[in-house]
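I opened this notebook to record what I looked up in one model.

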Amino acid sequence: MSDPARYRDKDVRLSGSVVDSYSVANRGAYKLDDKSGQIWVVSDRGVPHRGARVTVSGRIREGFNLGSLGDQIRLPQTIGPALVLVESSRDARD
């Protein structure tokens, strides 16, 4: 997170705990904490609950547009323009 340009548009795999999540109609975002930092993960397949242990793969994006999801629920301001991971696959455990 100290050098976001290094990871922009790159595929990554992260593991950590979900510390926050928002969803509607199987779409949403969740904040993943991997002990080195936190990042918002955007998903179109639902989101894991707070406290779940997750391994997620996807592509890092900057300035991600949430589209209609942002109009349906109140998401933290930081999700819109921030660095996010767009989820391509996930394994979650309680």
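My entries follow by topic.

Basis. I worked from a predicted model, in which local features need pLDDT of at least 70 and side-chain atom pairs count only at pLDDT 80 or more, while totals for chains, interfaces and linings use all residues. Residues are numbered from 1 along each chain as its sequence is written, and side-chain values use heavy atoms, with hydrogens and water left out.

Strand pairing. I took strands as DSSP runs (E, at least two residues), numbered from the N terminus, and counted two strands as paired if DSSP finds at least two bridges between them. I found β5 (residues 83–93) parallel to β3 (residues 38–43) over three bridges; Val42 has Val86 of β5 as its bridge partner. With β4 (residues 53–62), β5 pairs in the antiparallel sense over 10 bridges, and Glu87 in β5 stands opposite Gly58.

Core. I looked up nonpolar cores, that is, sets of buried Ala, Val, Leu, Ile, Met, Phe, Trp, Tyr and Cys residues joined through side-chain atoms within 4.5 Å; buried means under 20% relative accessible area, exposed over 50%, partly exposed in between (1.4 Å probe, protein chains only). The largest has 12 residues, including Val41, Val56 and Leu85. Each of β1 (11–24), β2 (27–33), β3, β4 and β5 supplies at least two of its residues, and β4 gives the most, with three.

Backbone angles. I noted a positive phi, near 60 degrees, at the non-glycine Asp9, which is placed in the segment before β1. Asp9 is partly exposed, at 39% relative accessible area. Ala25, also not a glycine, has a positive phi of about 50 degrees; Ala25 lies in the loop between β1 and β2 and is exposed, at 65%.

How values were computed
Helix = DSSP H or I, 4+ residues; strand = E, 2+ residues; numbered from the N terminus.
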